[in-house]
Amino acid sequence: MIQSIYETIKNYSPSEEQERQDQAVMLQYIRQFDNILERENVFAHFTASPWIVNQDRSRVLLLYHRIFDSWGWCGGHSDGDSDFLSTALREGREETGLTTIRPVSSDILALDVIPVIPHVRKGAFVTAHVHLNVTYLCTADDSEPLRHKDDEAKGARWVSPEEVIPLVSPWDRVMIPIYEKLNRKTFSDIS
């Protein structure tokens with residue numbers, strides 16, 4: 001399993017220097033830790049996210065995350081599953097209630113090493129660590145009702161690509177370059 005995720009990450013073609021460096025970090029951590037797919041690895045572990053757009057690519061789906069107190073994308077821990085696309089789809093469906101989420105492609109859209117601040121989750125302290133995140137471009141029917149998970153989010157909504165960055169809270173600004181990159185890769189009219 002470790003070899004298959006190593007090959008998956010190694011075979012990704014980075015689009016910019018940030019992804020080249022994040023890819024190198026991911027490959028190093030895969031070699032270093034045999035539990036890189038488990039959140040019990042308190043330094044770093046894999047997560048996967050669907051970057052969900054509507055059918056005509058005029059809107060993107062965001063959640064208001066309780067832990068980060070900010071609008072952002074869906075996603076979650078791989079929890080031992082080396083099929084990152086499956087994880088991204090599962091997390092997207094669980095967090096939004098959408099049944100129409102589909103991958104645009106099985107190709108990875110983006111790789112990101114994301115710092116996670118110390119926080120309390122379900123009554124337990126979680127120390128600072130990093131998520132080794134794999135993102136896939138997905139589409140969903142934006143007329144389908146949204147149902148966010150109350151224990152993780154305060155809301156969910158479709159927004160224009162231009163609205164994504166202004167909705168990020170000041171204390172979650174580390175995500176702005178990632179959302180800008182996802183917008184560039186997804187929406188050709190965003191600079």
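**Exercise 1. Find which residues Met26 is in contact with, leaving aside its neighbours within four places in sequence.**

Solution. Take contact as heavy atoms within 4.5 Å. Met26 is then in contact with Ile9, Phe46, Leu111, Asp112, Val113, Leu132 and Asn133. Helices (H or I, at least four residues) and strands (E, at least two) are DSSP runs, numbered from the N terminus. Now pick one partner, Val113. Met26 and Val113 are 87 residues apart along the chain. Their C-alpha atoms are separated by 7.8 Å.

A note on the source: this is a predicted model, where local features need pLDDT of at least 70, side-chain atom pairs count only at pLDDT 80 or more, and totals for chains, interfaces and linings use all residues. Residues are numbered from 1 along each chain as its sequence is written, and side-chain values use heavy atoms, with hydrogens and water left out.

**Exercise 2. Decide whether Met26 is buried or exposed.**

Solution. Buried means under 20% relative accessible area, exposed over 50%, partly exposed in between (1.4 Å probe, protein chains only). Met26 has 0% relative accessibility, so it counts as buried. Across the chain, 49% of the 191 residues count as buried.

**Exercise 3. Describe the largest nonpolar core.**

Solution. A nonpolar core is a set of buried Ala, Val, Leu, Ile, Met, Phe, Trp, Tyr and Cys residues joined through side-chain atoms within 4.5 Å. The largest has 34 residues. Ile9, Ile36, Phe46 and Phe84 have the most contacts inside it. Elements giving two or more residues to this core include helix 1 (2-10), helix 3 (84-96) and strand 10 (153-159). Strand 9 gives the largest share, five residues. A second, separate core has 21 residues, including Leu137, Val164, Tyr179 and Phe187.

**Exercise 4. List the buried residues of helix 5 and find what covers them.**

Solution. Helix 5 spans residues 176-186. Its buried residues are Ile176, Ile178, Tyr179, Lys181, Leu182, Asn183 and Thr186. Their cover includes helix 2 (17-32), strand 6 (110-116) and helix 4 (161-167).

**Exercise 5. Compare the radius of gyration of the chain with that of a compact globule.**

Solution. The radius is taken over C-alpha atoms, and the globule rule is 2.2 Å times the number of residues to the power 0.38. For 191 residues, a compact globule would have a radius near 16 Å. The chain has 16 Å, which agrees. The C-alpha trace spans about 45 × 40 × 30 Å along its principal axes.
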